[in-house]
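Hi everyone, thanks for coming along. I'd like to take you on a short walk through one structure, so please have a look at the screen.

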Amino acid sequence: MKIAEVDTFIVNAGWRPWLFVAIRTDAGITGYGECSDMRNPYGIAGAIRDLQGLLIGRDPRPIEMLYWDMYRKTRQSPGGIAAKAIAGIDCALWDIKAKAFGVPVYELFGGPMRERQRLYWSHCGTFRAGHHELLGVPPLRTMDDIARLGEEVVTRGFTALKTNILFPGDPARVYFAGFGGGPGTTDQNISSALIRHIRELIGAFRSAVGDDVDIALDLNFNFKPEGAALICQALEEFNMMWVEVDIYDPEALRRVKDATRTPICSGENLIGLREYRRYLDARAQDVLMVDVPWNGFTLSKKIADLAESYEINIAPHNYYSHLSTLMSAHLCACAPNVRIQEIDIDDIPWKDDLIDQTLVIENGDLRIPGRPGWGANLNETVAREHPWRG
């Protein structure tokens with residue numbers, strides 16, 4: 001079997017792009033991977049094209065060798081766009097290999113350890129704040145609307161949710177200063193008023209969902225360690241599943257963790273064993289987030305195993321399509337140290353159509369499929385019907 005073609009699809013996912021890789025072989029097997037990045041899709045797609053010369057004409061099954069060849073070609077630019085390109089290719093290669101053997105990917109890693117995976121409803125309210133009309137859902141005008149959303153989470157069978165710093169209103173908005181918010185926002189300062197608002201927001205969710213549904217808050221890169229610690233302390237009474245804090249300094253993150261009883265989750269932005277090891281050595285978080293589309297399956301499994309040696313559970317970062325959901329679920333299937341898995345429930349109307357098999361979600365759990373490969377293929381026709389225009 002030889003690699004005959006490497007193709008990419010940049011798909012319109014409403015307010016952000018999704019990026020898919022298709023690797024076609026001369027044996028008629030096509031493998032699919034996802035390496036979506038809402039900010040650099042064309043750069044990653046270009047990096048995938050740059051790597052084609054290492055792949056065309058080669059056997060797709062010795063994946064470790066192919067990974068190291070791609071890594072060595074790009075090792076002077078570690079992480080970022082190059083790593084995400086490698087990750088998408090890596091995931092497509094595992095899909096090919098598993099299909100060639102007629103087994104799910106997790107069988108190649110000693111699985112399954114579980115057949116169902118608990119999910120949390122991610123970006124709960126975040127997407128509704130700016131895109132409720134596209135989603136076909138009610139707007140978030142008041143804290144009462146937040147409470148009704150919490151009740152919807154429970155009614156639909158989910159036992160956990162994660163939200164961002166939402167401001168209901170007309171229109172509603174989300175606090176994302178860490179990704180761009182005007183003059184002065186690079187300082188990442190926090191005010192007493194903002195802390196009071198965050199307490200009101202989480203309190204509205206807690207009152208609506210009750211004591212037995214887990215709640216997480218994602219702070220992204222919005223605050224310095226001081227501000228993150230103040231928020232975590234202010235939320236201790238709400239028995240949070242975690243507060244998610246992104247900081248590019250493991251010792252600074254450890255300061256936040258030591259300052260509060262609220263569990264800390266971090267790691268979605270990290271790539272590779274070397275980066276993750278620094279945070280594990282610092283005991284900087286309670287839960288380690290691993291992004292499969294950005295690390296690839298080869299590295300993600302190694303990162304999960306490394307975390308297990310530190311007695312830390314992982315939680316796959318899954319801000320993407322259902323293909324990523326399946327890739328992440330296969331990691332959960334073969335890892336012994338899983339906390340919970342992310343999924344976006346509010347999403348574009350054509351999300352389900354992008355794969356050729358329907359996800360089975362029951363009582364907030366994903367049934368991990370036993371079909372070969374990831375358990376579903378990219379529907380290339382639908383992908384081409386929704387091109388990303390920037």
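This is a predicted model: local features need pLDDT of at least 70, side-chain atom pairs count only at pLDDT 80 or more; totals for chains, interfaces and linings use all residues.

Residues are numbered from 1 along each chain as its sequence is written, and side-chain values use heavy atoms, with hydrogens and water left out.

Back to the strands. β1 (residues 3–12) and β2 (residues 17–25) pair in the antiparallel sense over 9 bridges; two strands pair if DSSP finds at least two bridges between them. Strands and helices here are DSSP runs, E of at least two residues for strands and H or I of at least four for helices, numbered from the N terminus. The hairpin of β1 and β2 has 4 residues between the strands, and Gly14 there takes a positive phi near 85 degrees.

Now to helix α5. It covers residues 143–155, so to speak 13 residues, and reaches 18 Å from its first C-alpha to its last, close to the 18 Å expected at 1.5 Å a residue. That expected span is 1.5 Å times one less than the number of residues. Which residues of α5 are buried? They are Met143, Asp145, Ile146, Ala147, Leu149, Gly150 and Val153, where buried means under 20% relative accessible area, exposed over 50%, and partly exposed in between, with a 1.4 Å probe and protein chains only. What covers them includes β4 (116–122), α4 (126–135) and α6 (192–209). At the start of α5, a side-chain oxygen of Thr142 comes within 3.2 Å of the backbone nitrogen of Asp144. Just after the helix, Gly157 has a positive phi of about 95 degrees.

Next stop, Asn318, in the loop between β12 (313–316) and α11 (322–334). Is Asn318 buried or exposed? Buried, with a relative accessible area of 0%. Leaving out residues up to four places away in sequence, Asn318 touches Ser324, Thr325, Ser328, Gln341, Glu342, Ile343 and Asp344, contact meaning heavy atoms within 4.5 Å. With Thr325 there is a side-chain to side-chain polar contact at 2.8 Å. A polar contact is a pair of N or O atoms within 3.5 Å; within protein, one must be able to donate a hydrogen and the other to accept it, and residues adjacent in sequence count only if both atoms are side-chain atoms.

Finally, the rings. The structure holds 16 aromatic pairs. Tyr67 and Trp68 have ring centres 5.4 Å apart and planes at 80 degrees, so this pair is edge-to-face. Rings of Phe, Tyr and Trp (its six-membered ring) pair if their centres lie within 6.5 Å, with planes under 30 degrees apart counted as stacked, over 60 as edge-to-face and the rest as tilted. Tyr67 is buried at 8% relative accessible area, while Trp68 is partly exposed at 36%. Tyr175 and Phe223, in turn, are stacked, 5.7 Å centre to centre with 5 degrees between the planes. Tyr175 lies in the loop between β7 (173–174) and α6, and Phe223 in the loop between β8 (214–218) and α7 (225–234), so the pair ties together parts that are 48 residues apart in sequence.
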